[in-house]
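Here are my notes for you, colleague to colleague. Please have a look at the entry below before reading on.

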Amino acid sequence: MPSVGSLASTASTMNYRVFQTEDTYTFVPFCWFNPEKCKVTIEKGKLIITPNERTNRKSEVALTMGGHIVLPKRADISAEPEVIADKQGLQIIMPKLKLSAVQ
């Protein structure tokens, strides 16, 4: 069976929507797990979303897997992401770099 999706380092492994303002990016990943019970970290320019396995073990394995979202170049990876998680879903807000710092 052929593999599905891309294995490139520039490809995200989750479906998501992104909104941007002048100062921030807001990522809204599509979660099949309980978004209130997940951890969000930054590694190598990617948002890593890891669900808490103990709270999601009753679900199928494929639905409880997390993934990563590749951040845009203008995202400030030194900043801590603001995570808003509730029963409605997950939102991750990342600040943008100042324009002079991008160059």
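1. A word on terms to begin with: helices (H or I, at least four residues) and strands (E, at least two) are DSSP runs, numbered from the N terminus. On that basis the protein chain has 2 helices and 7 strands, and the sequence runs through them as β-β-β-β-α-β-β-β-α.

2. Please keep the origin in mind: this is a predicted model, where local features need pLDDT of at least 70, side-chain atom pairs count only at pLDDT 80 or more, and totals for chains, interfaces and linings use all residues. Residues are numbered from 1 along each chain as its sequence is written, and side-chain values use heavy atoms, with hydrogens and water left out.

3. Now the sheet. Three strands form an open sheet in the order E3-E4-E5, with antiparallel pairing (two strands pair if DSSP finds at least two bridges between them). Strand E3 (38-43) and strand E5 (67-70) are at the edges with a single partner strand each, so one side of each has no neighbour in the sheet. On average, neighbouring strands here are turned by 20° against each other, direction ignored, with axes taken as lines fitted to C-alpha atoms.

4. How many bridges join strand E4 to E5? There are 4 between strand E4 (residues 46-51) and its antiparallel partner E5. Lysine 46 has valine 70 in E5 as its bridge partner.

5. Finally, the whole chain. Of its 103 residues, 31% are buried (under 20% relative accessible area, 1.4 Å probe, protein chains only). Among contacts (heavy atoms within 4.5 Å) with a separation of 6 or more, 51% link residues 24 or more positions apart.

Technical notes: Axes are lines fitted to C-alpha atoms, for helices over the stretch in contact, and angles run from 0 to 180 degrees between N-to-C directions. Buried means under 20% relative accessible area, exposed over 50%, partly exposed in between (1.4 Å probe, protein chains only).
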